[in-house]
Amino acid sequence: MSLIDTTPSTPGKFKSEKCTPYSAHPFYRNLRFQSSLLKLTVWSSSFLGLILLFFLISSPPSSHHHGRRSTEIDVGTKWETKVRTSAETRARADGGKPLRVLVTGAAGFVGTHVALALKLRGDGVVGLDSFNHYYDPELKIARQKFLANAGVCVIEGDINDEKLLKRLFDVVHFTHVVHLAAQAGVRYAMENPGSYVKSNVAGFVNLLEVCKSADPQPAIVWASSSSVYGTNTKVPFSEKDRTDHPASLYAATKKAGEAIAHTYNHIYGLSITGLRFFTVYGPWGRPDMAYFFFTKDILKGKEITIYETSRGESVARDFTYIDDVVKGCLAALDTANKSTGSGGKKRGPAQLRIFNLGNTKPVPVSRLVSILEEHLKVNARKKVLPLPSNGDVEFTHANISLAQTELGYRPTIDLETGMKQFVWWYLNYYDRSRKN
Ligand SMILES: *[C@@H]1O[C@H](CO)[C@@H](O)[C@H](O)[C@H]1NC(C)=O
Ligand SMILES: *[C@@H]1O[C@H](CO)[C@@H](O)[C@H](O)[C@H]1NC(C)=O
């Protein structure tokens, strides 16, 4: 998440035609701050008092300050209309009461699919996404356009922006929040540890603060991760197992999120459901995940690396197809009790849940590669290395009986079928972007 603050990019590049960002790009805010700081330093030696007086009687000396103000008002009305329209509900075919849902990370992989599924069944959906540079923002913009065609507006903004979140809750009385915005990835934490804290801890707290003050308080469903099981060896992983041996900073911040969720549930009566996702894959997936960059590299004829455990076995993952995960997310929303607080105070005990959303069938990564070779009709050039101990765990395997009982969750797509869908999407998507 923090990349957007540290990497000045062409502002406006991420502005969609359909949804104008609410506030100026953070880059502008930094620029304004830096320029006033510079002025202060230059003059301070002799004219500090005078300068302070100057600052007091006249507004900061930049014309674009005034410019921004008026844009903000212009953007404000249009922005509000777009948010309201996106949040409109229809009668649901399944007879359920339509929800009004804020989806954070809506231009992300899971976020896009969840937002679309909600909109298609009649719920009102507003998306929020920071469009950061952790992976190709063009893919996020393409997902945003895809959602815009379905009537879902994804506005650009950061979950750390309290003013923006409050404004969203002023405009729409969200009944539910699906919080999927996060800094993902296991090995990237060694490069940019701060981004995990900023997004998965500070951002989550900011969101919960706004939710607990909202009237009515929404019910929250959010993405935890199977990585909280860390170096556990007892399989399958059950929700009641210990989760205090995280193997990566990513896992540690997700575990922190679960503890923070407990606090906000306990003190403020927020209804909160955490979902521990197990290696979710499918069309519109994340380029930083192995199945995605394996596909890219196999097509390019580039060598791919498969890791094996100390026992000489291929690393295994409980790959879970996106449509199955979406069903689990929607079931979590539909079975969520209302939050019990109001005016920032708890009025009674509220629901706090954690579910594994996996597939219960771990597949060795070497088997994944064979499936990709088959669908791509290309042989991979493979290199096998021992798994480095920098965050990745040797295997994941979900016990999903709790989600089965409480959510009616039943994954149906096997890796072979699901990867076929992914490869089909991948070839179409990258063929089209090459032609454009
Ligand atoms: C959730 O709602 C159901 C039905 O109203 C109720 O039986 C249950 O006790 C509630 N659970 C919690 C934890 O509030
Ligand atoms: C799966 O979890 C349930 C509790 O949700 C537990 O009763 C069951 O024994 C677990 N199954 C296995 C195979 O560990």
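**Group meeting: a walk through one predicted model**

Arginine 187 is partly exposed, because 13 other C-beta atoms lie within 10 Å of its own. The scale behind that is simple: a residue is buried if 20 or more other C-beta atoms lie within 10 Å of its own, exposed if 12 or fewer, and partly exposed in between, with C-beta atoms placed from the backbone.

This is a predicted model, in which local features need pLDDT of at least 70 and side-chain atom pairs count only at pLDDT 80 or more, while totals for chains, interfaces and linings use all residues. Residues are numbered from 1 along each chain as its sequence is written, and chains are lettered from A and ligands numbered from 1 in the order in which they are written.

Back to arginine 187. It is found in the loop between strand S4 (176–179) and H7. Helices (H or I, at least four residues) and strands (E, at least two) are DSSP runs, numbered from the N terminus. Leaving aside neighbours within four places in sequence, arginine 187 is in contact with Asn390 and Gly391; contact means that the C-beta atoms, placed from the backbone, lie within 7 Å. Arginine 187 and serine 248 are 61 residues apart in sequence, yet their C-alpha atoms are 7.8 Å apart in space.

Now the whole chain. The protein chain has 13 helices and 13 strands. Of its 436 residues, 43% count as buried. Among contacts with a separation of 6 or more, 81% come from residues 24 or more positions apart.

The expected span is 1.5 Å times one less than the number of residues. H7 bends by about 30° at glycine 203; the bend is the angle between axes fitted to the seven residues ending there and the seven starting there. Gly203 is also one of the buried residues of H7, which include Phe204 and Leu207.

Helix H8 (residues 249–268) has 20 residues and should span 28 Å, which agrees with the 28 Å between its end C-alpha atoms. Its buried residues pack against H7, strand S5 (219–225), strand S6 (272–277) and strand S11 (352–357). H8 is followed by glycine 269, with a positive phi near 75°.

Is serine 339 buried or exposed? Serine 339 is buried, because 28 other C-beta atoms lie within 10 Å. Its place is in the loop between H10 and S11. Leaving aside neighbours within four places in sequence, its contacts include Gly269, Leu270 and Ala350.

On to the core. A nonpolar core is a set of buried Ala, Val, Leu, Ile, Met, Phe, Trp, Tyr and Cys residues joined through C-beta atoms within 7 Å. The largest one has 105 residues, and Cys329 is among those that touch the most other members. Helix H10 (residues 322–334) gives this core its largest share, eight residues. Beyond neighbours within four places in sequence, cysteine 329 is in contact with Val114, Val178, Val221 and Leu275.

Last, a ligand. Ligand 1 is surrounded by Asn337, Pro349, Ala350 and Gln351, where a residue counts as near if its C-beta atom, placed from the backbone, lies within 6 Å. Ala350 is also a contact of serine 339.

Terms used: Contact = placed C-beta atoms within 7 Å.
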